[in-house]
Amino acid sequence: ATQPGSRPAELPVMLRTERFRNGQAWTVPIVMHVPGSALAPHEREVEKGAKTPPQVDFELDAIAIVRDSKNNIVAKVSRSFPYRSDKDKVEEFRQLELLNTFSQPIILPPGAYKISIALYDPNGRKGTVVDRSMVLPPLVAGAPTISSIVLSRDVGSIPVGERERLA
């Protein structure tokens with residue numbers, strides 16, 4: 001149980017932020033790693049005569065609040081991450097490392113920021129709040145800038161119209 005005045009820390013989470021140049025600002029994806037074993041299951045009602053195996057739902061809700069060096073809120077994003085598993089494959093789900101990112105982009109100018117992330121498992125009624133500081137370096141027009149390096153197992157194409165917008 002969480003003590004009065006303390007922040008909840010009942011869900012294990014590893015938080016990672018990246019940064020990618022976006023004109024004269026930075027796009028900052030936030031990635032939250034949560035083990036599947038940390039989430040509580042919710043068994044779905046089985047419909048009579050159903051031909052599919054019984055299923056179990058899991059959910060993780062997240063909100064991020066970004067504050068600048070003057071403590072002004074400059075960005076807020078939230079998202080629910082629903083998961084479903086066949087009942088006979090729940091143990092396989094529990095072995096997964098769940099990577100969760102917000103679908104809304106966070107675009108910030110160079111500067112110092114504090115990010116507060118709250119995660120909540122509504123089935124298990126447990127949560128965690130994590131605070132992180134981040135400094136985004138100045139950008140010089142025309143000068144090369146180092147962004148985060150991300151290794152991936154998947155590659156997707158960007159539609160031509162979207163490429164022009166992102167250039």
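# Notebook: a predicted chain, mostly strands looked up

Buried residues come to 28% of the 167 residues in the chain. I keep in mind throughout that this is a predicted model.

**Entry 1: overall layout**

I began with the secondary structure and got 2 helices and 11 strands. Going along the sequence, I wrote the pattern down as β-β-β-β-β-β-β-α-β-β-β-β-α. Next I looked up how far apart in sequence the contacting residues are. Taking contacts between residues at least 6 apart, I found that 64% join residues at least 24 apart.

**Entry 2: the three-stranded sheet**

Which strands make up the open sheet of 3 strands, and in what order? I read β2-β3-β9, with antiparallel pairing. At the edges I have β2 (20-22) and β9 (107-108), each pairing on one side only. I then checked β3, residues 25-27, against β9 and found 2 bridges in the antiparallel sense. For Trp 26, the bridge partner in β9 is Leu 108.

Thr 27 also sits in strand β3, and I gave it a separate look. Its relative accessible area is 18%, so I log Thr 27 as buried, the cut-off being under 20%. What does the side chain of Thr 27 meet in a polar contact? I found the side chain of Asn 22, at 2.9 Å. Leaving out residues up to four places away in sequence, Thr 27 touches Glu 18, Arg 19, Phe 20, Asn 22, Ile 106 and Ile 107.

**Entry 3: the β6-β7 hairpin**

I moved on to β6 (residues 55-68) and β7 (residues 73-86), which run antiparallel and are joined by 13 bridges. The hairpin has 4 residues between the strands, and there I noted Asn 71 with a positive phi near 70°.

Buried or exposed, I asked of Asp 57? At 15% relative accessibility, Asp 57 counts as buried. Arg 84 is partly exposed, at 46% relative accessible area.

**Entry 4: the nonpolar core**

A general reminder to myself: in soluble globular proteins, nonpolar side chains tend to be buried together. Here I looked up the largest nonpolar core and got 32 residues. Those with the most contacts inside this core are Ile 30, Met 32, Phe 102, Leu 108, Ile 117 and Leu 119. I listed the elements that each supply at least two residues: β4 (30-35), β6, β7, α1 (90-94), β10 (111-121) and β11 (126-136). Which one gives the most? I have β6 down for that, with 6 residues. Leu 108 turns up again here, having been noted above as the bridge partner of Trp 26.

Not counting residues up to four places away in sequence, Ile 117 touches Leu 15, Ile 30, Met 32, Ile 63, Ala 64, Phe 102, Thr 128, Val 129 and Val 130.

Then I looked at Ser 116, which lies in strand β10. Ser 116 is buried, with a relative accessible area of 18%. I found its side chain in a polar contact of 2.5 Å with the side chain of Asp 131. Neighbours within four places aside, the contacts of Ser 116 are Arg 7, Ile 63, Ala 64, Ile 65, Val 130 and Asp 131.

**Entry 5: salt bridges**

Another joins Lys 87 to Glu 43, with the closest N and O atoms 3.0 Å apart. This pair also links distant parts of the chain: Lys 87 is in the loop between β7 and α1, Glu 43 in strand β5 (residues 42-43), and they are 44 residues apart. I put Lys 87 down as partly exposed, at 42% relative accessible area.

I also noted Arg 94 with Glu 91, whose side chains meet in a salt bridge at 3.7 Å, N to O. Both lie in helix α1, 3 residues apart, about one turn of the helix. Arg 94 is partly exposed, with a relative accessible area of 23%, while Glu 91 counts as exposed at 53%.

Definitions and conventions
Residues numbered from 1 in each chain as written. Predicted model: local features only at pLDDT ≥ 70, side-chain atom pairs only at ≥ 80, totals over all residues. Heavy atoms only, no water. Buried < 20%, exposed > 50% of the residue type's maximum accessible area, 1.4 Å probe, protein only. Contact = heavy atoms within 4.5 Å. Pairing = 2+ DSSP bridges. Core = buried A, V, L, I, M, F, W, Y, C linked by side-chain atoms within 4.5 Å. Polar contact = N/O pair within 3.5 Å; in protein donor to acceptor, adjacent residues only side chain to side chain. Salt bridge = Lys/Arg side-chain N within 4 Å of Asp/Glu carboxyl O.
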